[in-house]
Amino acid sequence: GIKKKGDVTETIDKVIGKPVYKLTGSIPSNNTITIPAQAKHSLNLNGKYVYVYCRVQTKRYFVFHLSVLTKDDTYMKISFSNLYKGYKQTIKSIAIPCHFLPNDKWTILAIDMEKFIKHKLGKTYQCLKSIECCASMTFRTVFTSNYIYAPENLPKDMYLPIAKHSEWKDQYQFEWYPEQPFEYVTNKHVEPKIHPPTPMKNNNKKKMKKKENNNK
């Protein structure tokens, strides 16, 4: 399930034509969605690459937290925000300044979580437990996979529509953190064997479509 707090709107985005969560409000922590809803549950997404679909307003504050687990059961909350002025790490949390996302443009933020956890903690990444998004931003979904994706080879579940007479890069952004994997750089134009990513389950998708049809 999904826990919503504050000014959170479920809608169909006009650009990508898919269900999204729009979070607004001046105080990020007062306007949030948390997936899964209960802390005792876990998404258990174990792909080493994490793909976050979001759109931010860079002139407004935004925050999103990724809670991960390592093979030795170490819990760590990794937070991205334009609120942060510098990188900060404690025993249970990592704060990452996020000033590299484009303004008002749908973005796939691809995180090499296995490499990041190994480099920063010296541990082996196991899974993504949960995600929490805070205003102001629009959130679509999160996937994980052991395969490297790029705009050229996105599978059906990750596909973003391209307007007529337009190119992918004109409408969207693809960002890697902390950096592009070596395989991505060397094999960027090679079509890999498509392997479905593991998505976050969205139980509200059917409800939203039904609601939209009733309003027509």
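Colleague: Which side chain of opposite charge is nearest to Lys-18, and how far away is this side chain?
Modeller: In this predicted model, Lys-18 is found in the loop between strand 2 (8-12) and strand 3 (19-23), and Lys-18 is buried yet has no salt bridge. A salt bridge would need a side-chain nitrogen of Lys or Arg within 4 Å of a carboxyl oxygen of Asp or Glu. The nearest side chain of opposite charge is that of Asp-157, at 7.2 Å.

Colleague: Why do the buried residues of helix 1 line one face of the helix?
Modeller: The buried residues of helix 1 (residues 113-121) are Met-113, Phe-116 and Ile-117. An α-helix has 3.6 residues a turn, so residues three or four places apart point the same way. Seen down the axis of helix 1, the buried residues line one face because they fall within an arc of 95 degrees.

Colleague: Which residues have the most contacts inside the largest nonpolar core?
Modeller: That core has 38 residues, and a second, separate core of 18 residues includes Ile-16, Val-20, Tyr-49 and Tyr-149. Leaving out residues up to four places away in sequence, Phe-139 touches a set that includes Ile-33, Val-52, Trp-106 and Met-200. Inside the largest core, the residues with the most contacts are Val-52, Phe-80, Met-113 and Phe-139.

Key
Residues numbered from 1 in each chain as written. Predicted model: local features only at pLDDT ≥ 70, side-chain atom pairs only at ≥ 80, totals over all residues. Heavy atoms only, no water. Helix = DSSP H or I, 4+ residues; strand = E, 2+ residues; numbered from the N terminus. Buried < 20%, exposed > 50% of the residue type's maximum accessible area, 1.4 Å probe, protein only. Lys, Arg positive; Asp, Glu negative; His and termini not counted. Arc of directions from axis to C-beta. Core = buried A, V, L, I, M, F, W, Y, C linked by side-chain atoms within 4.5 Å. Contact = heavy atoms within 4.5 Å.
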